[in-house]
Amino acid sequence: MEFLWYVPNTIEPGHRGDDTADGWGSLDFTLDLATTAERHGWSGALFGTGWGRPDTFTVGTAVAARTTTFKPLVAVRPGYWRPAHFASSAATLSHLSGGRLLVNIVSGQDNLAAYGDAEGDQAQRYARTKEFMRIARRLWTEENVTFAGEYFRVADSTVVPRLPDGGPRLYFGGASAAAEQVSATEADVQLFWGEPLAGIAERIDRLRALSRDLDRDLEPLEFGLRITTLVRDTPEEAWQAAEEKVAKLAKRDADRNIRRTAVGQQRLLDLAERGEVLDDCLFTTPGRYGGGGAGTTWLVGSADQVAAALRKYADLGISHFILSDTPYKQETARVGDALIGRLREPVAV
C-alpha cells in the first residue's frame, strides 16, 4: 500500500483552517512539511494545482532535490501543459529523482483564459485528457513518436531521457461517465474522495468492468482514496475536535464558494442528506459548511477506529491513501505515527 500526505501549495496562509503564518509558502516551510512526512512514515505527498498557485513542477523539483525517499505527487492540467512539454519535464524530474515522481492529472475547472487555454464541454475536456495521457506514455518509452489527434499533435518527437519502465504513475480522479472512461483506459490509479464503502465498491466494480469492455492495454487499474482523517487518542476527543472545527467552518461559510457542478463534488455534498455519520465514522457535516473536495467528508475517531475504517476501504481494493488534516505539520506527525503502522500490520484471522 502507498501512504501519501498532502502539502499545501499556496502562497497565502490559512489553507483549510491552518493558522500557521511564519514562512508559509516559502521553500523552507514546504521542505519542512516534506521532511516531516518522510520521518513519520509517509512515502510522499500531493501538491495541488490551479491558476493562482505556485507551479507544481517547480515546487516538486525543489522538494525532491532536498529529500531522500519523498515522492512528490505533482498535480498537472492538460492545457496548462502541452503533452510533449509535460512529458519532457516529467521524464527529467523522474530521472533526476531516481524514479520518485508521481503525477496527478487534473481535468476539473480552472481559470483557463488566464493562461490562454480554452476547452469545450465535459466530453471534449475528457477526450482531450485521454489524448494527453496517451501521448505522454508513448513519449516516455518510444522514439520518433507521431500522433495526430483531435486536440494534440506531435511529429517525429523523441523525449530525452526516455523512461523504458513506463514513466511516472498517473493518478486521475473524476466521477462522471466521461471521466471514468479515461480512468479505465489511461490511468494507473483512480482516485476517489471520501464516499461510503458501498459507493466505492460500486465504482470499483464499474471501473473494472469498463477496463475489460474498453480493452485496456495497461497494467490493471489501481484505486486510491483522498480524504481528511481526524485522529485523536479517544473517540470523545476526536469528535470534540471535529465539532470545534465545523463550528469554525460555519463562521466562514458565507465567504466560501464551493464549486458544486462537478459530479464527484456533488456526490459528496449529497451524502449529508443521508445522515451526519455514515458507515462507522465518516463525518458528512463539513460539506454543509464550506468543506470542499477532500475536506467535504472526514474520517473521525481514535487511531484504532480510523485505521479500521481505512482497512475496510483496503479490503475493497484501495491500495493508495492520500490523507490530510490541519494544522499540517502537527497532523503529518500525529496521523503518520497513529495510522501507518496499524495499517501495515497483518490482520489477525
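Pro-327 sits in the loop between strand E13 (318-324) and helix H10 (328-344). The peptide bond that joins Thr-326 to Pro-327 is cis, with omega near 0 degrees. The model is predicted.

**Backbone**

- Most residues other than glycine have a negative phi, and most peptide bonds are trans.
- A cis peptide bond also runs from Val-160 to Pro-161, again with omega near 0 degrees.
- Pro-161 belongs to the loop between strand E6 (153-157) and strand E7 (169-173).
- Asp-156 is not a glycine, yet its phi is positive, at about 50 degrees.
- This residue, Asp-156, is part of strand E6.
- Asp-156 has a relative accessible area of 53%, so it is exposed.
- Asp-279 is another residue other than glycine with a positive phi, here near 50 degrees.
- Asp-279 is found in the loop between strand E10 (277-278) and strand E11 (282-283).
- With a relative accessible area of 42%, Asp-279 is partly exposed.

**Helices H1 and H10**

- Two packed helices are described by the angle between their axes and the distance between the axes.
- Helix H1 (residues 27-39) packs with H10 at an angle of about 10 degrees, and their axes are 9 Å apart.
- Because of that angle, H1 is roughly parallel to H10.
- On the H1 side, the contact is made by Asp-32, Leu-33, Thr-36 and Ala-37.
- On the H10 side, Tyr-328, Lys-329, Thr-332 and Ala-333 take part.
- The residues of this contact of H1 with H10 comprise four nonpolar, two polar and two charged.

**Helices H4 and H5**

- The axes of helix H4 (residues 122-141) and helix H5 (residues 177-186) come within 9 Å of each other and cross at roughly 15 degrees.
- H4 is therefore roughly parallel to H5.
- The crossing of H4 past H5 is right-handed.
- H4 contributes Gln-122, Tyr-126, Thr-129, Lys-130, Met-133, Arg-134 and Arg-137 to the contact.
- H5 contributes Ala-178, Ala-179, Val-182, Thr-185 and Glu-186.
- Five of the residues in the contact of H4 with H5 are nonpolar, three are polar and four are charged.

**Nonpolar cores**

- In soluble globular proteins, nonpolar side chains tend to be buried together.
- The largest nonpolar core has 86 residues, and Phe-86 and Leu-339 are those with the most contacts inside it.
- H4 provides the largest share of this core, with seven residues.
- A second, separate core has nine residues, among them Leu-230, Ala-242, Leu-249 and Val-300.
- Not counting residues up to four places away in sequence, Leu-339 touches Val-231, Ala-303, Val-306, Ala-307, Leu-310 and Leu-323.

**Glu-276**

- Glu-276 lies in the loop between helix H8 (263-271) and E10.
- Its relative accessibility is 51%, so Glu-276 counts as exposed.
- Leaving aside residues up to four places away in sequence, Glu-276 touches Leu-282, Phe-283, Thr-284 and Thr-285.
- From C-alpha to C-alpha, Glu-276 and Lys-130 are 37 Å apart in space, and in sequence they are 146 residues apart.

Technical notes
Residues are numbered from 1 along each chain as its sequence is written. This is a predicted model: local features need pLDDT of at least 70, side-chain atom pairs count only at pLDDT 80 or more; totals for chains, interfaces and linings use all residues. Side-chain values use heavy atoms; hydrogens and water are left out. Axes are lines fitted to C-alpha atoms, for helices over the stretch in contact, and angles run from 0 to 180 degrees between N-to-C directions. Helices (H or I, at least four residues) and strands (E, at least two) are DSSP runs, numbered from the N terminus. Angles under 35 degrees count as roughly parallel, over 145 as roughly antiparallel, 65 to 115 as roughly perpendicular and the rest as oblique. A crossing is left-handed if the near helix is turned anticlockwise from the far one by less than a right angle, and right-handed if clockwise. Contact means heavy atoms within 4.5 Å. Ala, Val, Leu, Ile, Met, Phe, Trp, Tyr, Cys and Pro count as nonpolar, Asp, Glu, Lys and Arg as charged, and the others, Gly among them, as polar. Buried means under 20% relative accessible area, exposed over 50%, partly exposed in between (1.4 Å probe, protein chains only). A nonpolar core is a set of buried Ala, Val, Leu, Ile, Met, Phe, Trp, Tyr and Cys residues joined through side-chain atoms within 4.5 Å.
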